[in-house]
Amino acid sequence: MTPHMLTRSLDRGATIFLTIVAACGILIPLSNLLLPAGSFLQVPTYLVALWGKYVCYAILALSIDLIWGYCGILSLGHGAFFALGGYAMGMYLMRQIGTRGVYGNPILPDFMVFLNWQKLPWYWYGFDMFWFAALMVLVVPGLLAFCFGWLAFRSRVTGVYLSIITQAMTYALLLAFFRNDFGFGGNNGLTDFKDILGFNVQAEDTRAALFALSCLALIVGFLVCRAIVSSKLGKVLIAVRDAESRTRFLGYRVESYKLFVFTVSACMAGVAGALYVPQVGIINPSEFAPGNSIEAVIWVAVGGRGTLVGAALGAIVVNYAKTFFTSGALAPYWLFMLGALFILVTLLLPKGIIGTFNSWWESAREKRPAETTVSAAAEDGITEPKMAEEAQ
Amino acid sequence: MPTNLSARLCTLALSLFLIAFALPAFAGPFEDAVAKFANDEFSDTEEAIGVVASSGSPLAFPIISALQDGRLMADPDTKKVYVTGTDGKSIDAATGQPVASVPDSASAVRLNNRLRRSVDAALGSLTLQSPDLATRLQAAQSVFKSHEETALEPVESALAKETNKSVKTALGEARAAILLYMSDATEVQKLEAVATIKARGDQDALALLTGIGTDQPASVTKAAASAIGSIQNTLAVWSTVQNAWYGLSLGSVLLLAAIGLAITFGVMGVINMAHGEMVMIGAYTTFVVQEVIRTRYPGLFDYSLLIAVPLAFLVAGAVGVLIERSIIRFLYGRPLETLLATWGLSLVLQQAVRTVFGPTNREVGNPSWMSGAFELGQITITYNRLWILVFTLAVFAILLAMLRYTALGLEMRAVTQNRRMAASMGIATSRVDALTFGLGSGIAGIAGVALSQIDNVSPNLGQSYIIDSFMVVVFGGVGNLWGTLVGAFTLGIANKFLEPVAGAVLGKIAILVLIILFIQKRPRGLFALKGRAVEA
């Protein structure tokens, strides 16, 4: 990734987005820590944690947009990669509890003592080291995505079939993680975390740091996605999305391209999950629920698929709305609203917020040809994908 | 007053005389035996059980069953024995007269394991000649299990009088069990007994034959060993049959849930994530029908399902047509968007039902003809499962006939095979789409009626079937009803055969993984459409 490529790939929207995220990532933690509590400008700690959660969702949405918006792969199982990353981080946090658990066992986490486990299962080895856990956050989801994708793309499972088997995958993992003898805490999952790298996870400054890190991860993730989609590889991905067979006949190995982007996307989802867990304080099998993955897809659709910025924006907007409505008197109607959102966005706003805004901007600019000074990247079609789908 | 006094004396004398002579007259072997309970010695108790059980006294049954439950109280001082009823009232065990209260010195007659077996056997033989058929059968079975030597005589006398065939068989088996374990039975008798028990061939027979011990004649041991082998084979066969039946039953449920999906997905290529909610609507229709019947026409309850089936079809079908006209028709050619929109729809429908009917499970009753079970060989088949299987196959056959022989069916097949060609031939494809979607949804509604009989009717009912249904359709192959049939039964049976080996959850996970792998091999399912329709 050369500096030249970086600047070339940034259009005005992306610049604004990155500036806002960076500003939030710096200002919100600073305001939370430095200003006196109760002051007008001080961001309360609970909001830092809440917004940290949204930022993690935004990374997840970004990873979905990378494959759905640019390669036409609709994964209904991305929540599984998110949860696997979360479990990898959760396992590290569990090992950090040490003797401070209820049963005070220096090696075994509480739930294992409770279930009469005699020794640590082999797949828990190494998770007492942060670097190993951090590696696993990338490796486990990436490896699963690689194996899954290798099987699926090679035998040309596409479209809704792929969506359905990704859903089956996350459902199978949901069932597996619910089992106590699977060694991941069963129904209750992993919780009661104490500290991360020696810092108390409950402390304000740790939370602020985690928030800043999440924003940084969002920025890095965005730049990675941006670099992928604006490279030659990205052009091939868009070609696969719009006409898979034709791309194959032109001599591209479609499977390899899809497999690469699917694996990268899964790793990103894993990172999002790993940042999510210490901020939320728990990871349990319900994160694997197929409904969660589909909800993440709708964030992307709301923001605008194939725009990257839109995916992140959609995740934040929808989740903010969810928090707002489910905490008030309107709580019983939230599912109606969410359901209606699914229907209305697909029917009336197929390009999402950003996509619609972009085409409005374009048409407005065409009327005033004197003002054609926007960066070249906006015109190369990346921000405005054709919505043509490979019909089944 | 002398006369008065002498009269009194006479009465007294008479009373004394009567007491002196009448008491021994009553104190027969039964009363003696009852008194032995008061000794509270295990050997005496055992003797007493035998005598009481064979006395023929109407008190025998209450005494022995009280002994079993620790309600037989004995006073070691007065040698009186009392039966405390479950209602707290007590009677004198020897006479059957009610007593005001059991003295404090009385304590429950103790039992040990050996005595408990005698008690079981005694109770068994006591009920062997009960007028009630089910009681007799149960008694014979309990003797079979306890095989106490003391029961031989009652069993044989019961066998002589018995007229019912199944009770007679059970008594014969009980007799065989006793003989097999009796040390002074002849070798011939024992061999016969082994043959009888072998013919019974179930788990109990196996346990009985395995436990005969080593002090038997060699020929008997050999016969028993061969009988054990043959019973184990029979049992293995029956357990296979049972798994197959469970599998068929699960398969029928899957088929019922998936068949509507096969139509919408197969014919229209529409992924209807709200399909499960159509099933739920059908189940709630059944609930409403039953509520109306319960409050207005209680006599019609047995017909409630017959009424609910067409209603559920109409309600769910109408909702389906409405969905197709208002949402799905705008999304043709965009299957992934359809998937998202229908998922949103499923959320809305679930929440709507939750708002109207509440979040908890609603009770839907089984009509009398759907409750209960019957035995087939060594497996138990419940009527509701059987009826659902029959019903599913009927729905499948009707649907197949409809597709084959009606004008709508012809049009539907034409649209499935080549939409544009069908349109060129003058088929109103959008009307066919609406009707197809209505048909698929209506069948899901019918499935809901059936599933309300075996599952909880709650707003989440549909969600639990949606992934399974998709698996069935994808596995079986899109656009082919036979594929759905084969897919449903294959998955159902595979699931039930994996369950005993791997456990319910792991079995399900294994099936999901297998399907995922299978789709890699055959991306378009078992029975894939061939030719241009695939890429259309």
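**Chain B, domains and overall form**

I looked up the domains first: chain B is divided into domain 1 (127-216) and domain 2 (239-535), with bounds from an automatic or database domain assignment. I took their centres over C-alpha atoms and got 49 Å between domain 1 and domain 2 of chain B.

I noted the ground rules. This is a predicted model, in which local features need pLDDT of at least 70, side-chain atom pairs count only at pLDDT 80 or more, and totals for chains, interfaces and linings use all residues. Residues are numbered from 1 along each chain as its sequence is written, while chains are lettered from A and ligands numbered from 1 in the order in which they are written.

I counted 22 helices and 7 strands in chain B; these are DSSP runs numbered from the N terminus, helices being H or I of at least four residues and strands E of at least two. The radius of gyration of chain B is 35 Å, well over the 24 Å from the globule rule for 536 residues, so chain B is more spread out than a compact globule. That radius is taken over C-alpha atoms, and the rule is 2.2 Å times the number of residues to the power 0.38. Along the principal axes, the C-alpha atoms fill a box of roughly 125 × 70 × 40 Å.

I checked burial next. Of the 536 residues of chain B, 43% count as buried (20 or more other C-beta atoms within 10 Å of the residue's own, with C-beta atoms placed from the backbone).

**Chain B, the sheet**

I traced an open sheet of 5 strands, in the order β4-β3-β2-β1-β5, with antiparallel pairing. β4 (98-99) and β5 (107-108) stand at the edges with a single partner strand each, so one side of each has no neighbour in the sheet. Two strands pair if DSSP finds at least two bridges between them. β2 (residues 80-84) and β3 (residues 90-92) of chain B have 3 bridges. I91(B) in β3(B) is the bridge partner of V83(B).

**Chain A, helix α6**

I compared lengths. The 25 residues of α6 (residues 130-154) should span 36 Å at 1.5 Å a residue, and the end C-alpha atoms are 35 Å apart, which agrees. The expected span is 1.5 Å times one less than the number of residues.

I found a bend of about 30° at M136(A), the angle between axes fitted to the seven residues ending there and the seven starting there. M136(A) is also buried, as are P141(A), G142(A) and F148(A), among others in α6(A). After α6(A) comes R156(A), with a positive phi near 60°.

Methods:
Buried ≥ 20, exposed ≤ 12 C-beta atoms within 10 Å, placed from the backbone.
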